[in-house]
Amino acid sequence: MEYPSHTIRYGKIVDPETNEVIDEVLVSKMAAPKTYTTEDVVEINCHGGFVTARRILDLLFRLGARPAEPGEFTKRAFINGRIDLVQAEAIMDLIGAVTEKSSKAAVMQLEGRLSEKLNKIRESLVNILAKIEVNLDYPEYDFEEVTTRECVQVINSIKGDLKTLIESFDYGKVLREGLNVAIIGKPNAGKSSLLNRLSGKNRAIVTDIPGTTRDILEEYVNIQGLPVRLLDTAGLRETTDVVEKIGVEKALEVIDTADLIIFMLDAQTGFEKEDRDILEKIRRYYSKVLYVVNKTDRPDKEKLEEIRRIIPETIEISVLEDYGIDNLEKAILEFVNKARIDTDNQIIVTNARHKKLLNEALENLNSAVSAAENGMTLDLISMDIKNAAEKIGFITGHEVTEEVVMNIFENFCIGK
């Protein structure tokens with residue numbers, strides 16, 4: 001019996017060799033081209049449980065089916081032209097999204113907004129190349145000077161678009177991969193208390209005894225839509241305790257690799273020698289440090305003023321009284337989103353592969369403008385423009401090697 005497409009039928013899965021009923025199921029039939037892959041698709045919905053699903057799969061494999069490779073369905077959709085490479089990568093980002101902002105960024109790319117922008121840029125470059133080609137084919141009309149001037153104007157406009165996309169990457173990368181934040185400071189400054197407060201869990205042991213934290217504790221949190229990996233480190237101080245000394249060494253390693261450092265200071269003890277030593281250690285990381293003064297609910301006023309004199313730009317909080325935490329979260333968001341990107345409306349680049357190719361395309365266009373300004377002929381200028389168009393094509397998949405496709409889809413989960 002021929003069933004119409006996009007319908008669901010109730011039935012039973014029966015082993016043809018034994019006539020044994022394995023399960024009662026619902027079978028969905030979806031005929032090409034109105035499917036995810038644009039190919040004929042059948043889905044079997046069985047009862048939950050490992051044993052039943054395993055028996056049905058074993059039967060299907062015995063009858064000639066095979067397991068899908070990682071990302072195979074999305075790869076088929078790409079090869080069949082239903083989606084481009086940017087959209088295919090966005091599907092993986094959407095699956096891995098851990099916050100609403102990262103999910104929105106992935107959906108925006110899946111809907112094709114980045115692809116549409118890139119296709120317009122590539123189309124503009126191709127139009128420039130066509131205009132140059134006409135000029136080269138009909139040199140008797142001597143339009144080279146006019147053509148060069150028009151090309152430079154269009155290229156400069158495209159360069160602005162590329163720069164905007166590239167500048168969005170720092171924020172986009174955090175949405176996609178998360179932000180590594182190291183919380184450092186002398187013992188008993190409130191590092192573990194801050195970790196517990198931001199994560200909403202009693203993840204770290206908190207006592208009045210300095211040196212309680214010996215190892216790196218980590219917790220993943222959502223801070224105003226940003227996926228953040230918090231790293232609570234051992235208090236940085238000179239110590240003879242062997243275990244604590246190892247914790248201090250690990251803390252110094254974390255500082256080097258962190259995207260952002262929160263330096264915790266104590267409003268009750270003030271700016272001590274240990275704080276001065278830490279400040280010296282992180283001086284070369286100044287561009288990625290937030291200075292946070294804790295315990296401002298019960299400060300030593302003179303010592304707090306001393307901290308303010310030494311480090312004017314501090315964020316004053318009290319973890320105990322839940323004061324100033326919102327200001328700290330806002331500062332973390334501002335650190336990440338320096339370009340003031342509107343995540344709800346602005347196109348964001350989240351993929352390092354895309355950024356690399358955008359940078360290369362921008363370099364090609366800079367070279368084309370330089371060649372034009374130095375009086376080079378159109379055929380030489382067109383080489384750089386062609387290279388830029390190719391780089392944009394590599395992003396969307398208009399021009400891409402099989403090796404690149406394999407590298408992208410092998411990172412997908414099985415099947416999808």
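**Close-ups of a predicted model**

Of the 416 residues in this protein, 44% count as buried. Keep in mind for every panel below that the model is predicted.

**Figure 1. The whole chain, before zooming in on the details.** The protein has 15 helices and nine strands. Take the contacts with a sequence separation of 6 or more: 68% of them link residues 24 or more positions apart.

**Figure 2. Helix α8 crossing helix α12.** Here we look at α8 (residues 191-199) and α12 (residues 325-336), whose axes come within 12 Å and cross at roughly 80°. Angles of 65 to 115 degrees count as roughly perpendicular, so that is the label for α8 and α12. On the α8 side, L194, R197 and L198 make the contact, and on the α12 side it's I325, L328 and E329.

Figure 3. Which residues of α7 (residues 169-177) are buried? The buried set in this helix is F169, Y171, G172, V174 and L175. Just past the end of α7 sits G178, with a positive phi of about 95°.

**Figure 4. D232, a charged residue tucked away in strand β6.** D232 is part of β6, the strand covering residues 226-232. Is D232 buried or exposed? Its relative accessibility is 0%, so D232 counts as buried. I184 is 48 residues away from D232 in sequence, yet the two C-alpha atoms are 7.1 Å apart in space.

**Figure 5. G81, out in a loop.** G81 belongs to the loop that joins α2 (72-79) to α3 (85-96). With a relative accessible area of 57%, this glycine is exposed, because the cut-off for that class is over 50%. Going from G81 to T37 takes 44 residues along the sequence, but C-alpha to C-alpha the pair is 8.9 Å apart.

Figure 6. Where is P33? Look in the loop between β2 (20-30) and β3 (41-45). The peptide bond running from A32 to P33 is cis, and its omega is near 5°.

Next up is Q224, in the loop linking β5 (217-223) and β6. Q224 isn't a glycine, but its phi is positive, at about 50°. At 35% relative accessible area, Q224 is partly exposed.

K295 sits in the loop between β8 (289-294) and α11 (301-310). Phi is positive for K295 too, near 65°, and this residue is not a glycine either. K295 has a relative accessible area of 17%, and the limit for buried is under 20%, so K295 is buried.

Figure 7. How many disulfides turn up in a search of the whole structure? The count is zero. C46 has 30% relative accessibility and is classed as partly exposed. C151, at a relative accessible area of 4%, is buried.

Terms used. Residues numbered from 1 in each chain as written. Predicted model: local features only at pLDDT ≥ 70, side-chain atom pairs only at ≥ 80, totals over all residues. Heavy atoms only, no water. Axes fitted to C-alpha atoms, helices over the stretch in contact; angles between N-to-C directions. Helix = DSSP H or I, 4+ residues; strand = E, 2+ residues; numbered from the N terminus. Parallel < 35°, antiparallel > 145°, perpendicular 65-115°, else oblique. Contact = heavy atoms within 4.5 Å. Disulfide = S-S within 2.5 Å. Buried < 20%, exposed > 50% of the residue type's maximum accessible area, 1.4 Å probe, protein only.
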